[in-house]
Each structure stands twice: as structure tokens, then as C-alpha cells.
Amino acid sequence: MNQDQYNPSGYHILTYGCQMNVRDSEIMAGLLEGMGYLPVERPEEASIILFNTCSVRHSAENKVYGKLGEISVLKRKNPHVMIAFGGCMAQLPEVQKRLKRMGVDIVFGTHNIHELPALIEEVRDKRHSVFRVWDQEGMVVENLPSSRKAGLSAFVNIMYGCNNFCSYCIVPYTRGRERSRLPADIINEIKKLADQGYQEVTLLGQNVNSYGLGLDEKVDFADLLLKTAEVEGIKRVRFTTSHPKDMSDKLIDTIAAHSKICEHVHVPLQAGSNQVLKRMNRRYTREHYLELAQKMRERIPGVAITSDLIVGFPGETEADFMDTLDMVQKVRFDAAFTFMYSVRRGTRAAEFEDQLPLEVKKSRLARLNLVQYRIAREINESLVGSIEEVLVEGPSKTNREKLTSRTRTNRIIIFSGPEELIGKLINVRITEGKTFSLFGELIN
Ligand code: SAH
Ligand code: SF4
Ligand code: F3S
């Protein structure tokens with residue numbers, strides 16, 4: 001290693017997983033900067049390397065272990081380097097055991113992020129490793145510092161944890177029970193964001209539809225959305241994730257009624273067979289979902305409905321899988337994330353007997369993607385000629401000459417235009433539709 005790259009007060013965070021983790025990493029960054037650390041581009045330059053991890057699927061964990069192996073080499077070369085390990089994986093006992101053997105200095109969990117500075121100091125003073133993971137959630141901690149990426153769009157947590165216990169899912173074990181932040185705390189945060197120039201906020205929760213349960217104040221997610229949309233300076237409001245079992249009429253009408261609330265609903269179906277849905281403990285039927293999708297399409301003009309889908313759940317028959325394909329064709333999702341079922345130790349589905357072979361899962365995933373990608377492309381092609389309001393985000397990642405922007409329905413449109421447009425809401429005409437993005441032109 002080139003020693004002059006090393007910065008004794010540099011920190012580097014590696015973030016894996018969902019938007020919750022992206023948001024948590026901003027808080028970890030804020031805590032580190034409060035201690036005098038500064039962000040560095042590459043792990044080689046850092047004296048603290050922090051992993052913020054995800055355990056939702058086996059593949060997510062594997063990625064982390066691979067990277068941890070790489071980073072351990074840096075530590076062997078330079079013993080001053082401190083490795084901290086947090087996030088969802090850190091909550092799991094079998095992961096903690098494995099980390100004991102891997103030379104990690106700090107292990108902390110999703111419930112005690114605020115303890116990070118104290119843990120770092122403890123390691124510095126005592127020169128031994130510190131494993132401190134709370135197995136249960138504490139009170140919601142407000143007013144933690146945070147270092148958000150400067151920009152147009154910000155994530156805002158509205159609730160933590162999940163009570164749904166879908167039988168395949170590890171999240172309720174890594175994130176604890178559901179608890180909502182107070183509306184006043186959320187709205188104050190959003191007002192500050194507006195003052196700092198952010199134009200768009202995305203409200204985050206594992207199941208935003210149950211926001212407000214357990215608070216003294218009588219408030220639900222629709223109320224909170226409306227309050228958010230009323231914040232001056234905020235031009236667009238997004239939210240994720242919605243659960244099909246409790247997507248209320250009031251919420252649908254609120255999305256429809258307020259122009260700042262974007263008409264995009266991420267409402268994961270997961271599977272199309274009632275048998276499978278039941279064993280997944282999703283607590284709705286395909287009929288319910290179809291009705292819900294139809295209602296949203298009727299009441300929210302132009303709404304984009306997106307989904308997560310799992311293939312190869314234990315016991316999924318060919319007929320069950322055909323039910324998923326059938327639902328994909330009936331609902332016509334604007335986009336979907338598709339996954340092979342992955343066994344998560346400690347969840348109920350891990351105990352189910354009829355686990356499917358990898359080959360079956362792989363082939364079903366490929367067949368599902370073929371159908372879903374075709375539908376996404378057809379929908380995007382059908383948009384050619386229409387005019388969409390977009391928020392211009394910056395230069396396109398694939399072609400720096402062009403600009404990338406996002407529609408209200410969360411579609412990406414690439415177009416040519418002057419850099420002055422970055423940060424503005426403008427109209428573009430769609431000229432070409434592909435599976436994952438669209439091309440457009442400026443309208444004079
Ligand atoms: N709270 C959100 C999503 C959480 S995890 C929700 O309820 O929709 C994101 C997605 O990962 C899930 O929607 C699901 O499709 C997928 N997922 C979760 N556990 C999984 C597992 N064990 N194997 C494969 N996919 C999984
Ligand atoms: Fe997991 Fe289900 Fe909770 Fe989503 S709702 S986080 S899939 S348990
Ligand atoms: Fe992963 Fe934890 Fe999010 S398991 S998907 S980082 S809540």
C-alpha cells in the first residue's frame with residue numbers, strides 16, 4: 001500500500017441493501033464527522049472502514065463477506081485501520097460468531113447506531129474489539145446528526161421495523177418491532193430539507209400503510225402524506241413500501257388528490273398463487289390484489305404500479321408459478337424486482353420441507369423475467385410521443401453528454417439539454433421506450 005494515500009482521519013462507508021440502509025449510512029457518516037473524521041473516496045485511504053450490511057438474501061451476505069475479505073488485507077498491512085460492521089447482518093448471531101474470527105474491531109446493530117462514537121472511542125482506548133448489538137429495539141432516537149448527500153432528493157424515515165413476519169423474511173428479526181416517528185419530528189426534518197434546497201422527499205418504511213399505529217396522536221399514513229405535501233419548497237413526495245393488505249381507500253384518494261404526491265406505488269405482490277401467498281403469510285389473495293390494482297388505476301390517472309416478486313418459494317408448484325406469470329400479465333407492472341427465494345435461517349419458511357432445487361428457481365426466474373421485461377418494454381414503448389414532467393437529476397451515467405431525469409412515475413428519461421436544467425422540473429417529449437429507461441427531447 002502507498003502510505004501517503006492513508007488519511008488517519010479518513011472514513012469510508014460501504015452500504016449494502018435497501019434505502020433504509022442508505023439513510024442509516026447518512027447518519028453513521030454524520031456521527032463520524034461529528035468526531036472529526038472526513039469522508040474519503042476509497043477504502044485504501046481510510047482509517048475507519050464501515051460496513052452497513054444487508055441480510056435479505058444469501059447473495060447479499062456473500063457480497064459482504066467477499067468485500068470483508070478484501071478489506072481485511074488492508075488492515076493486515078496497516079494495523080491502524082479500524083473495521084466497523086453494522087446493519088442487518090450484524091443482528092444475526094451466526095454472523096456475529098463468524099465475525100469473531102475475521103478481525104473486525106466493532107460490531108454494532110441496527111438499534112444502537114447512535115452508540116457508534118462511543119464504541120470507536122472504546123476500541124481506540126482499550127485496543128480490543130467491541131461487539132455490541134442490542135437484540136431489541138429501544139426508543140426512537142431523534143436528532144442524530146446526519147451527512148446527507150447534497151442534492152435534490154432525500155430519504156426520510158417515518159417508521160422503523162416490521163410486524164408482518166412474512167414467512168420468508170429476515171427483516172422483522174433484524175429491524176425489530178414496528179414503531180413510528182412523531183409527525184412533528186418528520187415534518188420538521190422535511191422543512192429543514194426544503195430550506196436546504198431539496199425538492200423531493202421519499203418517505204421510508206417497511207410498510208408505510210401502517211404508519212401511526214401505536215402513537216398517542218391519531219394520525220395515519222394518508223394524513224402524513226398530506227402534511228408532507230404541504231411543506232413549502234418540496235415539489236415531489238414519494239414513499240415506499242406499501243403492503244397490499246392495508247392500502248386504504250383514503251390513501252388512494254390522497255395520492256390522487258394532491259399534485260405533489262407522485263403517482264407511483266411500490267406494492268409488492270410477491271407471488272400470484274393463493275396457496276403460496278398463504279404460506280408466505282402475506283394475508284391477502286390474488287383477487288384482493290387485482291381489485292386493488294384496478295382501483296388504483298381507476299382513481300389515480302397514469303399511476304405506475306411496481307412490485308417485488310419471489311420465485312421458488314418452498315412448495316411452489318409449476319401451477320403456482322403459472323399463477324404468478326398470470327398475475328404479472330393481468331396487472332401489467334410498470335416495473336418489478338424479481339428474486340429467487342433464499343433460505344433465511346430463523347424464519348418460518350426455512351423450516352418448510354419442500355425446498356426447491358436451485359435449477360428450478362433459476363429457470364422460473366428466467367421465465368418470469370422474460371415476461372416482465374417484455375411488459376415493461378411494451379408499456380414504455382406505448383409512452384412514445386407523450387409529454388412527461390421530469391425532475392432533472394444530472395448528467396447521464398452512461399452518456400455524460402446527456403442529462404438524466406425522472407418522471408413522476410419513477411421512470412428514467414435521458415435527453416439532451418443544457419446543464420442549467422439540472423435541479424429543475426421541466427417537460428420532455430418521449431421519443432423512444434426501452435425496458436429500463438426512456439429517451440426524450442426538450443420541448444421549447
Ligand atoms: N418491506 C418491504 C420489502 C422488504 S425486503 C415489503 O414488504 O415489500 C425487499 C424484497 O426482498 C421483498 O419484497 C421480497 O420480494 C424480497 N425478499 C425478502 N426476503 C426474501 C428471501 N428470503 N428470498 C428472496 N427474496 C426475498
Ligand atoms: Fe419482510 Fe414482509 Fe415485513 Fe416486508 S412486510 S419487511 S417482506 S416481513
Ligand atoms: Fe436488507 Fe435490512 Fe434493508 S435486510 S433489505 S438492509 S432492512
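Predicted model: local features only at pLDDT ≥ 70, side-chain atom pairs only at ≥ 80, totals over all residues.

**Loops, a patch and some cysteines**

I began with Asn410, which I found in the loop between strand E16 (403-407) and strand E17 (412-415). Phi of Asn410 is near 70°, a positive value in a residue other than glycine. Asn410 has 30% relative accessibility, so I put it down as partly exposed.

Next I turned to Gln270, where phi is also positive, near 70°. Gln270 sits in the loop between strand E12 (264-266) and helix H9 (274-279). Is Gln270 buried or exposed? I get 7% relative accessibility for Gln270, and buried means under 20%, so it goes down as buried.

Then I checked the peptide bonds. Most peptide bonds are trans. I noted a cis one joining Thr240 and Thr241, with omega at about 5°. Thr241 belongs to the loop between strand E11 (236-240) and helix H8 (249-257).

On to surface charge. Which residues form a positive surface patch? My list reads Lys97, Arg98, Arg101 and Arg345. I looked up Arg98 and found it in helix H3 (residues 93-100). Its 36% relative accessibility makes Arg98 partly exposed.

Last, the cysteines. How many disulfides are there? I count 0, taking a disulfide as a pair of cysteine sulfur atoms within 2.5 Å. Cys169 is buried, because its relative accessibility is 16%. Cys262 is buried too, with a relative accessible area of 1%.

Terms used: Residues numbered from 1 in each chain as written. Chains lettered and ligands numbered in written order. Heavy atoms only, no water. Patch = residues over 30% accessible without salt bridge, like charges linked within 9 Å, V, L, I, M, F, W, Y side chains within 5 Å. Areas by Shrake-Rupley, 256 points an atom, 1.4 Å probe, with all protein chains shown as cover. Salt bridge = Lys/Arg side-chain N within 4 Å of Asp/Glu carboxyl O. Lys, Arg positive; Asp, Glu negative; His and termini not counted. Charge placed at Lys NZ, Arg CZ, Asp CG, Glu CD. Helix = DSSP H or I, 4+ residues; strand = E, 2+ residues; numbered from the N terminus. Buried < 20%, exposed > 50% of the residue type's maximum accessible area, 1.4 Å probe, protein only.
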